[in-house]
Each structure stands twice: as structure tokens, then as C-alpha cells.
Amino acid sequence: MHHTGTGSAESTGSTARPSRRTVLAATAGLTAAATVSGTAHAAPEDRKPDDKKLHALIARMTLAEKVGQLFVMRVYGHSATAPDQADIDANLKELGVRTAAELIAEYRVGGIIYFTWAHNTRDPHQIADLSNGIQQASLGQARGLPVLITTDQEHGAVCRVGKPATLFPGAMAIGAGGSRTDARTLGRISGAELRALGIRQDYSPDADVNVNPANPVIGVRSFGADPEAVADLVAAEVRGYQAAGVATTAKHFPGHGDTAVDSHFGFPVITHSRELWEKLDAVPFRAAIRAGIDSVMTAHIQFPALDDSGDPATLSHPVLTGILRGELGYDGVVVTDSLGMEGVRTKYGDDRVPVLALKAGVDQLLNPPSIDVAWKAVLAAVQAGELTEARLDESILRILRLKAKLGLLDHPYVSTEGVDRTVGTPRHVRAAARIAERTTTLLVNEGGLLPLSRRTHPRLLVVGADPASPSGTTGPPTGVLAAALTELGFTATALSTGTAPSEATVTKAVAAARDVDAVVVATYNVTAGSGQKTLVNRLVGTGGPVVAVAVRNPYDIAVLPSVKSYLATYSWTDVELGAVARVIAGRVRPRGKLPVPVQRADDPTQVLYPIGHGLTY
């Protein structure tokens, strides 16, 4: 939910592997900073940090270096030292530096976050090169420390690293599958691939309990509406990532699941009572902490029952220090959600937000709009005595413990061989496809239309919405679905009608429907007044067979009661669409169960399809 930078050998297109000697020289004095402890299920490099060594590292840092260590920043470019000119221009405009290497030299940032739109994630070898270049730039500084590189790889609707990396179904789909084993497998495989790319932390899983169908920002990013089920899957995914040696992040504390406002653009208020928070929102976070979660991300929401000051949770001492650290007993890293989001900028200026976040109990400051404003504000607060240097040291110790545990102090670099051996392997891709098949949910199948037979319904038309790919590497959904069905023996053609089809588009689709044996229509967050509703009803009105597939929220069926066969995939990336094609064709049976209730459109107090509903054949 937020808005980056590599090294010497990027121009050759292969990952520079600095010699062991260079690495040792660059991390002189660091290599001993972690001692092997290892538990049965720990990753090979999982370390229990030796605080004495880490304190020694902190003691030699300047105040400016300490301030930098608290920031996790975006940066444009596919390379740490030689990005494209457009990315240099964007960096100069937003950050006042040209490259990731300059950002590190200027501000000594402790972390960098990768985004697709920042051109950080073009392909696996480039990402690995970028990661190595970032580490090289940081370790080349006086008293340089390795950088914690992170991204939002939630899978499904939020994904920054695209194909050929393995892409899994999103959280709500995993919730429909209901398998802890599958959630753990997702974490293990995704974690192994991220680690091979030099990304040691994932801002996932989403631990929000999505109890509001109108939630515009969480929705299918949540495992569901049942707190215990969400808790089980959060813990399982965390354990999978841990086995791969990648840190996870439970978000968005204290719980962003019941809001109708998107905190990117507004300031949501959660009206749950303290008692309801304990029973609902807190449950998955407690489970994540029990599972040994490495970081927790804060939410830019007001939660009056937990803090009635009107401050967002990100800036709330009662929420972060009182509840998260005190009552829940959490002593890992606390990271803000992006400080560029409107929800945290409504009440205070950009110079006050980072200082107030640290005073509330935060350790890492994520992606402020201006690094210069935020960095100088923290420095000035220490110099003026509003923050003590000892307070900074507490947070830096937590950050360094995490870096040590992840093996960064000993092995900050990645290799071409590791990428080729790990990322997007046929075995990983097959595992994701099998998991997806266990998530597809059949909501209604009147008259037993499904599965479709290529003997009785050989010619298919696939119409519907084509939302943009989360990672920029999948889709368009109608084309992917048509290709998958054609591969399964049908003759399927695609006609993209969009999320708001015009009258002319609807007419064109209805005309095309007359020449086929059945229509498959992909729906995307349909509302009562939507052109998508008109399209579906007109297609049903032709009298031919219509199969609808909700490719995001499963609630679409509530406004489309005329559809006799409705499936839910919970996301629109290729892995979910391939699975739903196999279900439509009868190659696999639908096995998913709704992880959220679907309420009636005209009376939301009435449940149309309860949690656990799901048909099969």
C-alpha cells in the first residue's frame, strides 16, 4: 500500500558477484555480528543475533547514519548506478538524487522498497543485479551496512514481481481453499524466489479480517471474514516464508478490514468496540506474533475505541506501544504504512509525521513523500531533545537484529546461478497451478450447466472486464481465459468489454453471442448501476448459456441473480484464470468455499451465500 535502485555489472546483463574477498572487506567487523543458532525448521542462514556485536555496530554510527537507518525508501530505476534518463529525472524531482547509489550515499537509508511503476522489477536477472548494486553502494560507504530490500508481494491483486517468477492466487483465494499446507507452500516458494532476487522482506501477509463488502482497499487482499480462519492462514504463510529465510510483515495493525474509505486517499475511521477488536481484528495479529512474525505494519486509520485522540494508529502511542508492544508482547520491527498516503498526512505536516511515528513506537519509516524533509525532521528532533538518541538506538537494534537473522550481515549478495535455479521453475509453477485449482469456488450451477462439454458447447465467447495486471506481466483476463479454454479443446474467442461497457459495446457483445454455443463473462466489482450488469442481463436475455466468473470480489453475484452458473476466482491473474478454465471444462472439480459471506444487494442484513458455501460436481 505504498508508492528502486544496482551495481557494477548491470550493463553486462549478468549479476555481478563480488568476490568473497570484496564482500569480507566491505563487511569487515560485521561477519561476526551474528552467531548461528538454527532451529529445526529454520532457513540455512537463519541467525540468532548477538546483541553485543550489534550494540558495537550502533556505537560507531554517526547520528546522521542512525537517522538514515530508520528509513525505507522508493527509488526509480532498474539499476542502482545507471538507470534510464526518465528515472533519473523522476529521482531528481522526488528525491533530489539521481540514483539509488546516490540516495544511499546521501541519506544512508536502511531499507529500499521495490515497485513495478518505479521500474525496479523488469525481470529476475535485472532485479538481482539491482539488489547487488544497492548492497554494493551501501557497503562501500564508511561504516556501511547492508540494506533491507522489501516489496509488496502479496500475490493476487497486489504483486510487484511478475512473471517469469511464480505467481500464486491472492489471499482471499487461499482463504477459499482453506488449506494451511497450501498457505505454507506459497510462503516457502515465494520466499525462496524473493530471496534469490535479493529481496529479504515481504510486506505480506495481510492480516486484516475483511468484514465489510464495500472495503475499497483490502477486500480480496484479506484471507476472509472469519478471524480464526484468517489467523490460521496468516500463521501458515508466515512459517512458509520463515523456512525460506524471508521476513514477513503482518498488516495493517490494528486492523483495516472494516472500512469503506481507502487510506491512500482519505482517513478511515473504524468504529469497532474494544471488545469487538479483541474478538475480530486482533486474532490474526496475535497468531502472527505467536508464529514469530518479523515485522508488523501500521494502518493509517482512526480507531477511537483504542485511542480517542483522533490520531491515526501509525502515530498512536496507545496503539503501538500500549497495545502492540505492551499487551500483545511484540518486540519485533514495527514499520509504518507508506507515509505518502493521505490517511497519515491529513492531520499533521510531512515534517511532523516521522517524528510522531517514532514517538508512538515505530521503528521503520516507509516511503515519506520527501526523504529530505522527513530525514531532516528526525535529525532536528534529536538535536532539539524531542527524541533521544537512545530511542533511535532501540529501533536500530531491532532493525539490525532482523538484518542479522536474515543473513544480510554475512551474505548480502545474490547470484545469477541462484536466480536460474530458483525463480519460476517448472516445479514452482506447477505447485501454484495446483493450489489455484483448490481455490476456485462454484457459487451457483442451476440446471447443471457446468462443466461445459466441448462436444455440446464447442464454440465459446469470452467477454468482460480486463483490469490491469497487478505486476504488469499477466492478462488481459479475457484473452488468457479464451486461450486456456481453446487449449482445453474449445474454440474460444475473446471480446474485451471493460469495467464500464457502453451501450454500443453491449450491443456488439450480444450480437457476437448469437454465433456461439455458450458465453463466459468475466465480472469485476459489479455495482447496481453498472454497465457490466446491463451486459450480463442482456447476454442472459439471449437465451443462450451464460457462465459468469467474478474475477475480483465474490459479491458480484448479489447484483446478478439472473446468472444460473457463477464462479469466483478472487483475482484476475493468469494462475487463477487457468484454474477456472480447467473447472469450466470439467478437468478439475471446483473445491473452493466462500471465505466471506455474500449478502443480498437489496438487504445487506440478509445473507445470500454464507461462509463455507461452495458447490462441486
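**Tyr107 is buried in this predicted model, at a relative accessible area of 5%.** Buried means under 20% relative accessible area, exposed over 50%, and partly exposed in between, with a 1.4 Å probe and protein chains only. The model is predicted, so that local features need pLDDT of at least 70 and side-chain atom pairs count only at pLDDT 80 or more, while totals for chains, interfaces and linings use all residues. Residues are numbered from 1 along each chain as its sequence is written, and side-chain values use heavy atoms, with hydrogens and water left out. The whole structure holds six aromatic pairs. In one of them, the ring centres of Tyr107 and Trp375 are 5.5 Å apart and their planes stand at 75°, which means that the pair is edge-to-face. The pair links distant parts of the chain, with Tyr107 in helix 5 (residues 100–107) and Trp375 in helix 15 (residues 371–383), 268 residues apart. Trp375 is buried as well, at 12% relative accessible area. Rings of Phe, Tyr and Trp (its six-membered ring) pair if their centres lie within 6.5 Å; planes under 30 degrees apart count as stacked, over 60 as edge-to-face and the rest as tilted. Helices (H or I, at least four residues) and strands (E, at least two) are DSSP runs, numbered from the N terminus. Elsewhere, Tyr76, Phe115 and Trp117 make up one aromatic cluster.

**Helix 14 (residues 353–360) is largely enclosed by the rest of the structure, because seven of its eight residues are buried.** The buried residues are Val353, Pro354, Val355, Leu356, Ala357, Leu358 and Ala360. Their cover includes helix 12 (317–327), helix 13 (342–345), strand 10 (365–366), helix 15 and helix 16 (389–405). Just after helix 14, Gly361 adopts a positive phi of about 125°.

**Helix 20 (residues 503–513) and helix 21 (residues 531–541) cross at roughly 25°, their axes coming within 10 Å.** Helix 20 is therefore roughly parallel to helix 21, and the crossing is right-handed. Axes are lines fitted to C-alpha atoms, for helices over the stretch in contact, and angles run from 0 to 180 degrees between N-to-C directions. Angles under 35 degrees count as roughly parallel, over 145 as roughly antiparallel, 65 to 115 as roughly perpendicular and the rest as oblique. A crossing is left-handed if the near helix is turned anticlockwise from the far one by less than a right angle, and right-handed if clockwise. Glu503, Val506, Thr507, Ala509, Val510 and Ala513 of helix 20 meet Gly531, Leu535, Arg538 and Leu539 of helix 21, where contact means heavy atoms within 4.5 Å.

**Helix 18 (residues 426–437) packs against helix 22 (residues 574–584) at an angle of about 55°, with the axes 8 Å apart.** The two helices, helix 18 and helix 22, are therefore oblique to each other, and their crossing is right-handed. From helix 18, Ala432, Ala433, Arg434, Ala436 and Glu437 meet Val575, Ala579 and Arg582 of helix 22.

**Thr439 occupies the loop between helix 18 and strand 11 (441–445).** Thr439 is buried, at 3% relative accessible area. Its side chain reaches the backbone oxygen of Ala436 at 2.7 Å; a polar contact is a pair of N or O atoms within 3.5 Å, where, within protein, one must be able to donate a hydrogen and the other to accept it, and residues adjacent in sequence count only if both atoms are side-chain atoms. Not counting residues up to four places away in sequence, Thr439 touches Ala173, Ile174, Ala176, Gly177, Ala568, Tyr570 and Gly592. Tyr570, in the loop between strand 16 (565–568) and helix 22, is buried at 2% relative accessible area and has a positive phi near 70° although it is not glycine.

**Ser179 lies in the loop between helix 7 (171–177) and helix 8 (180–196).** The Ser179 side chain reaches the backbone nitrogen of Thr181 at 3.3 Å. Beyond neighbours within four places in sequence, Ser179 is in contact with Ile174 and Leu233.

**Two cis peptide bonds are shown, between Ser204 and Pro205 and between Leu450 and Pro451.** Omega is about 5° for Ser204 and Pro205 and about -5° for Leu450 and Pro451. Pro205 is in the loop between strand 6 (201–202) and helix 9 (227–243); Pro451 is in the loop between strand 11 and strand 12 (459–464).
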